[in-house]
Amino acid sequence: MSAREFNFDGLVGPSHNYAGLSFGNVASFSNVKSASNPKLAALQGLAKMRALAQRGFGQALLPPQDRPNFRLLRSVGFTGTDAEVLSRAAKEAPVLLACAYSASPMWTANAATVSPSADTADGRTHFTPANLNNKLHRAHEHSQSARALRAIFKDEQHFAVHDALPGTPAFGDEGAANHTRLCSAHGASAVELFVYGRSEFDVAMPAPKKYPARQTLEASQAVARLHGLSAGRTVYIQQNPDVIDQGVFHNDVIAVGNANVLFYHEQAFADTANSLEQLRQAMDGVGAKLNAIRVDTAQVSVADAVASYLFNSQLLSKDNGKMALVIPHECQENAAVAAYLQGLVASGDAVDELIHFDLRQSMRNGGGPACLRLRVALTDAEAAAMHQGVVMTETLYHTLVAWVEKHYRDRLEPADLADPALAIEVHTALEELSRILGLPGLYDL
């Protein structure tokens, strides 16, 4: 059956800020407490969505989450009016206030893991929102992620949106950032690849020493069970713990896949030879031949890969049978990465085009093109059954640009998070957005 892949990009919210809350994310830590530009961040993201939609790629969006998260602040003892809650939190626990204002939901690769209907036992597209329990500022996202996904994919004949896994260390789940679907075509049966950092119950398994491994094997296995995936078409691979300690906090910082192509760094996996052999055998079972494109350390170091986000890119299938690689400008500014990419395109392999975007506002907070999108392969019937108000069109693009220009600040300092006016601005903007997208009540939390 034929299917089209849609990329659901996270629309950057009005309170986009740099709080540096994500230990293990080098870029996020490097820009902690610097001033951000929410308006520019949103416009950069919208420009990317528009450009890819104009090229004919399936493009949609997930709306920003409500901020600040007053439920979080009240659950840890801050009481009174909203203004009083913000004032007390700013004085007594500014880190908790920053958590309540976290901008991280913009990276929808962490919103959920998605298994298209071609892979699942019941023939529906399955979504499991990620519990993101490794970080306080992200551990509350899954309830709003599930709410948005259920509003967009509400037809239960075609879609199943599960609850997040239990919020315990054993089931640490970071969503599609550690999940790749490999196949001959988007509508064909696929091999679903889950990459994990550690096991909760296998204590002999190697683990990183400096930074946390956020995805567990047990979580990946649980998602596969929930989605009804075939054991013969599901592969689990451990991420190299040494690269986690070099700032590779998710697999999508060191590898990306699309169709039959796996584009990966030499140091990405704990046991590369065995991992690739597992993939090849599984892909043989679905009639697909793995095309593994390896980037050697001698060509691009892990440090350069992390700094440029070479692998946090999007691989998109084109009508000519080739693929485009969507990269941030930083890849062109890194000498080693730029030289590698020039050779990649000239090689005659799967990638024959580079598409680059200015995503500096996102990059400074630790997320590149791949972080910003959740991939959903849909048949024509499924695409028609989802909510149409989030599909990117020229009309929607211009409407959202005008909305951003009206509601977003062009400078946000850490101290501004204590300003009650900001909370009111955000709420007003999101209420208008829910009407624009045709999702009334989305923010009635």
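The model is predicted. Its protein chain holds 17 helices and 15 strands, and the radius of gyration is 21 Å, close to the 22 Å that the globule rule gives for 445 residues, so the chain is as compact as a globular protein of that length.

**Overall form**

- Along the principal axes, the C-alpha trace of the protein chain spans about 60 × 45 × 40 Å.
- Buried residues make up 60% of the 445 residues, while the chain exposes about 16400 Å², of which carbon and sulfur atoms supply 52%.
- Among the contacts with a separation of 6 or more, 76% are between residues 24 or more positions apart.

**Helix packing around α16**

- Two packed helices are described by the angle between their axes and the distance between the axes.
- Helix α16 (residues 394–407) packs with helix α17 (residues 420–437) at an angle of about 170 degrees, their axes being 11 Å apart; because angles over 145 degrees count as roughly antiparallel, α16 and α17 are described in that way.
- The residues of the contact of α16 with α17 divide into 7 nonpolar, 3 polar and 2 charged.
- The axes of helix α2 (residues 38–54) and α16 come within 10 Å and cross at roughly 175 degrees, which makes α2 roughly antiparallel to α16.
- The contact of α2 with α16 divides into 8 nonpolar, 2 polar and 4 charged residues.

**Backbone geometry in loops**

- Most residues other than glycine have a negative phi, and most peptide bonds are trans.
- A cis peptide bond, with omega of about 0 degrees, joins Arg67 and Pro68, and Pro68 is placed in the loop between β2 (58–62) and α3 (70–75).
- Ala259, although not a glycine, has a positive phi of about 50 degrees; this residue lies in the loop between β9 (255–258) and β10 (261–265) and, at 10% relative accessibility, counts as buried.
- Tyr309 is likewise not a glycine and has a positive phi of about 55 degrees; its place is in the loop between α11 (302–308) and β12 (314–317), where Tyr309 is buried with a relative accessible area of 2%.

**Surroundings of Ala130**

- Ala130 lies in the loop between β4 (125–129) and α6 (136–139), and with a relative accessible area of 1% this residue is buried.
- Leaving aside neighbours within four places in sequence, Ala130 is in contact with Asn110, Ala111, Ala112, His142, Ala164, Asp173, Glu174 and Gly175.
- The C-alpha atoms of Ala130 and Leu165 are separated by 7.2 Å, although the two residues are 35 residues apart along the chain.

Note on methods: Residues are numbered from 1 along each chain as its sequence is written. This is a predicted model: local features need pLDDT of at least 70, side-chain atom pairs count only at pLDDT 80 or more; totals for chains, interfaces and linings use all residues. Side-chain values use heavy atoms; hydrogens and water are left out. Axes are lines fitted to C-alpha atoms, for helices over the stretch in contact, and angles run from 0 to 180 degrees between N-to-C directions. Helices (H or I, at least four residues) and strands (E, at least two) are DSSP runs, numbered from the N terminus. Angles under 35 degrees count as roughly parallel, over 145 as roughly antiparallel, 65 to 115 as roughly perpendicular and the rest as oblique. Ala, Val, Leu, Ile, Met, Phe, Trp, Tyr, Cys and Pro count as nonpolar, Asp, Glu, Lys and Arg as charged, and the others, Gly among them, as polar. The radius of gyration is taken over C-alpha atoms; the globule rule is 2.2 Å times the number of residues to the power 0.38. Buried means under 20% relative accessible area, exposed over 50%, partly exposed in between (1.4 Å probe, protein chains only). Contact means heavy atoms within 4.5 Å. Accessible areas come from the Shrake-Rupley method with a 1.4 Å probe; for residues, only the protein chains shown count as cover.
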